[in-house]
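This report goes through a structure one part at a time. Please keep the sequence and the 3D view open while reading.

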Amino acid sequence: MAVSDIGRRLPVVADGPTDARAARSGVDESDLGYEHPLYKTMLAVPGLSVATGSLDQLLEWGMRNSLWVFPMATSCCGIELMAAAASRVDLDRMGTIVRATPRQSDVMVIAGTITVKMAPRVKALWDQMPEPKWAIAMGSCAISGDFYRNLYSVVPGIDTIIPVDVYIPGCPPNPEALMHGLLRLQEKIKARRHGKPVAAEPNPTLLDITRPSIGRFVDPSRDPALNEQQITSALEASSLDGSDEPKDGEAEPTIAEYEPVSIPGAQERAPELEAILAELGVTELPKDGAPIVAADRHYELARRLRAAGYRQLVYVVATHFAAKAGKAPSPERFEVAYALRTVGKGSRLAAWRVQLEPGQSVTSLVGVFAGADWQEREQFDLVGVRFDGHPDLRRIMLPETWEGHPLRKDFPADKACPPWR
Amino acid sequence: MSEDASEEKVELQSARRGRVDPHLSIKHYDPEADMMLLHFGPQHPSTHGVFRMDLHLDGEVVIKATPYLGFLHRAVEKLCEKLTYVQQTPIVDKNDYVAPMTNEQALNMAFEKIMNVEVPRRAKWLRVLLAELQRIASHLVALGTFTLDLGGALGGGSTLFLHCFREREMVLDLFEELTGARFHYNTHTIGGNRHDLPPGFDKKVRAVLDEIELRIPDYARMSVDNAIFRARTEGVGILDGELALELGITGPNLRGSGVDHDLRRDAPYAAYDELVPKVIVERGGDCWARTKVRFDEVAESIRLCRLALDGMPEGPINGYKAVRQPTQAKVAGGQVYVGIETPRGELGTFLIGGGDTPTAPYRLKIRSPSLHALSAIPYILPGFTVSDAVAILGSLDPIMGEVDR
């Protein structure tokens, strides 16, 4: 199956024509997805449609040959979408051009993974597109979530949110496959207008892989209340939220409280990490991994290392170690690893670790390295370690309303996040 | 407070003078200014993916920029804890989807280090060849999309975009012949590579390199030497070297700020101790300097590819047992960090092995250069116009799959 259509959004074709005019044009008016003013005029004047041929044909000819694409490109497939619009494949020759605004577009190409943070925005953008509109799910992430589908932050297929007309499998599909998908969409548009919809290919496995089970948008068993929830959530997300401003009574940000740091000259270059560690009273150097420093002393270590020429921040990694029973029992603990680097030839890495009890916090390094800001926010978000003295400790990857910290060992990887997954 | 400390404080203030404080609330700005809040993204063609900024504007000038991330958070690190070592290469391909080849290399090098696997010499040279070809393709995308940002989607800016993607397709064709995929190759494994060069491959590579080299002067006329391009990019988005280091920025963005640092030369891995690259440095720190670094690195990568083809040693391409089942690679414990120089900077893999399941990592953290590059946004955007904001974002060349993971 190269490209499969699931034509369940198509109108049900009536058994026989209910209206004489409809019989003349071959289309049951009541089943049209939309009403076109020209269409009514045409039908009102007797004989006009005969004189000009079928208006249906004219309209669908215009529709299918100027499919303007709205690129809902989030990841890898977006690059192939760009490649399809570029020199070799050149979608322009089909009358398909990429428009960056939903209000002027006919087709939404969902190219890439949709996350629970992005899903309300996609829904809002889809609702902004004027009818008639179509959706193409490009790539396995948009179709089903791919191998991310059982993870806490990924929507298991875009058709749990909006109705999809054409699915293009692949990871990512070639530009040629995207072109094939657009041609299939053209066929579908053509067939739709004469009461001959493209037959839906029943594919029960496609519906079964959803987990947690949200009905697909075209699924008759889908809960109508879910639609309401998704629309409400999308409206909330698309409203303006100047979340940066502090609320009344909230403490003002602490700007001037950072500790001073010296910018080292070449002559101040201290020899090595071990020497500074010895000064700080750390003499045990474990064989597997970096030396362990106390949570309140490591700020001083970072300062001195920076003065000694380790000027580049490399990483901040927090790890959650779950409590272990058995032969060698160990309590629950956290570990935060840092590393700095010297710049230039013979670059050296200085790494250390801080071990924490549950609930204990570690001194933030934002005062020494401005780059620790986002790194520590990420570790706070995903692991739940708190950093003392961080000026802006908020979630960075997950929505503000998220509960729990996903990289903890007791966090279920496939946690549900209604109404999106 | 001791005398030393107060001296330090004075020095700090002089070093950080003029630097924007990203945490300063908008309430502290001039209340008389006629300010407007502009939401930029997450769905915007110039944000290079799904990235959102709140821009506070005074007229057309940005006075405060607040970035928001996480719209493509796919939980890769959690997924890697669930999968075995052998299964992870195709997962990390999707992180930096413009340069997947170097992604899988960074991951597998960490696995090799924690498992003590020796990589044969031919595999090392092969990795250099593939990484440099990938660098060419990736920098072409960066250059093409950057000019697209400057020129508008339907304007003259799309000329170079079309040129760059034409040449990129040539490189992708090579990769397709080698691995069967245009991207998401899954060709690096623990201990070496999966696909050896097919017969006659080096002739094809040389032909592509010649073709691209021939067109570099054309690109230069359309971009870095072009008067309009220079007017749009020179003096825009200046990032000083000290701030760049403090933020952990690496790669062309750092070298554009005058810092002579490249892991390929400074901490050699694979075969870079034999194939020493010339490090391109520009002093301007502006959008033009960052683009110029990428531009010159294309020529340098072409040179390295030719050297790698000339001296490609014979021998096996994998030093580890062949993959027979997903659970065959086991690690008892230990912590490693490996960083390599990808087209975007230092891509690192921090790995803790062992735990309950010896076949899967206990913790795997990907240090992404794009995340660090984006963290410069609140510092360097204020003072420039909205159109410059697009240029600055494009010149940092972030890939959101790698930022959010």
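B:Asp54 has B:Thr66, in strand 3 of chain B, as its bridge partner. The model is a predicted one. This pair belongs to the strands 2 and 3 of chain B, where strand 2 covers residues 52–58; seven bridges join the two, and they run antiparallel.

Both strands are part of an open sheet of three strands in chain B, with the order 1-2-3 and antiparallel pairing. Strand 1 (35–40) and strand 3 (61–68) of chain B are at the edges with a single partner strand each, so one side of each has no neighbour in the sheet. On average, and with direction ignored, neighbouring strands of this sheet are turned by 20° against each other.

## Helices 5 and 6 of chain B

Helix 5 (residues 121–151) of chain B packs against helix 6 (residues 158–179) of chain B at an angle of about 160°, and their axes are 8 Å apart. Angles over 145 degrees count as roughly antiparallel, so helix 5 of chain B is roughly antiparallel to helix 6 of chain B. The crossing of helix 5 of chain B with helix 6 of chain B is left-handed.

Which residues meet here? From helix 5 of chain B they include B:Leu133, B:Ile136, B:Ala137, B:Leu140 and B:Gly144. From helix 6 of chain B they include B:Leu160, B:Phe161, B:Cys164, B:Phe165 and B:Arg168. By class, this contact between helix 5 and helix 6 of chain B has 14 nonpolar, five polar and two charged residues.

Is helix 15 of chain B largely enclosed or largely open? Nine of the 11 residues of helix 15 (residues 386–396) of chain B are buried, so this helix is largely enclosed by the rest of the structure. Among the buried residues of helix 15 of chain B are B:Asp388, B:Val390, B:Ile392, B:Leu393 and B:Leu396. Just after helix 15 of chain B comes B:Asp397, which takes a positive phi of about 55°.

Helix 12 (residues 287–310) of chain B packs with helix 15 of chain B at an angle of about 30°, with the axes 9 Å apart. An angle under 35 degrees counts as roughly parallel, so helix 12 of chain B is roughly parallel to helix 15 of chain B. Helix 12 of chain B passes helix 15 of chain B in a left-handed crossing. In this contact B:Cys287, B:Arg290 and B:Thr291 of helix 12 of chain B meet B:Ala391, B:Ile392 and B:Ser395 of helix 15 of chain B. These residues divide into three nonpolar, two polar and one charged.

Chain A has 13 helices and 11 strands. Of its 421 residues, 41% count as buried. Among the contacts in chain A between residues at least 6 apart in sequence, 71% join residues at least 24 apart.

Chain A holds an open sheet of four strands, with the order 6-9-8-7 and mixed pairing. Strand 6 (292–293) and strand 7 (312–321) of chain A stand at the edges and have a single partner strand each, so one side of each lacks a neighbour in the sheet. Strand 6 of chain A runs parallel to strand 9 (residues 349–356) of chain A, and two bridges join them. A:Val293 has A:Val354, in strand 9 of chain A, as its bridge partner. Helix 12 (residues 298–307) of chain A lies across strand 6, strand 8 (333–341) and strand 9 of chain A, and runs at about 170° to strand 9 of chain A.

## A:Met108

A:Met108 is in strand 3 (residues 107–111) of chain A. Is A:Met108 buried or exposed? A residue counts as buried if 20 or more other C-beta atoms lie within 10 Å of its own; A:Met108 has 24 within that distance, so it is buried.

Leaving aside neighbours within four places in sequence, A:Met108 is in contact with A:Phe70, A:Met72, A:Trp126, A:Met129, A:Lys133 and A:Ala135. The C-alpha atoms of A:Met108 and A:Gly371 are separated by 37 Å, and the two residues are 263 residues apart along the chain.

## Where the chains touch

How many residues of chain B are in contact with chain A? There are 72 of them, and they are in contact with 65 residues of chain A. Helix 1 (residues 3–15) of chain B gives the largest share of the side of chain B that touches chain A, namely six residues. By class, the residues on that side of chain B divide into 30 nonpolar, 19 polar and 23 charged.

Technical notes
Residues are numbered from 1 along each chain as its sequence is written. Chains are lettered from A and ligands numbered from 1 in the order in which they are written. This is a predicted model: local features need pLDDT of at least 70, side-chain atom pairs count only at pLDDT 80 or more; totals for chains, interfaces and linings use all residues. Two residues are in contact if their C-beta atoms, placed from the backbone, lie within 7 Å. Ala, Val, Leu, Ile, Met, Phe, Trp, Tyr, Cys and Pro count as nonpolar, Asp, Glu, Lys and Arg as charged, and the others, Gly among them, as polar. Two strands pair if DSSP finds at least two bridges between them. Axes are lines fitted to C-alpha atoms, for helices over the stretch in contact, and angles run from 0 to 180 degrees between N-to-C directions. A residue is buried if 20 or more other C-beta atoms lie within 10 Å of its own, exposed if 12 or fewer, and partly exposed in between; C-beta atoms are placed from the backbone. Angles under 35 degrees count as roughly parallel, over 145 as roughly antiparallel, 65 to 115 as roughly perpendicular and the rest as oblique. A crossing is left-handed if the near helix is turned anticlockwise from the far one by less than a right angle, and right-handed if clockwise.
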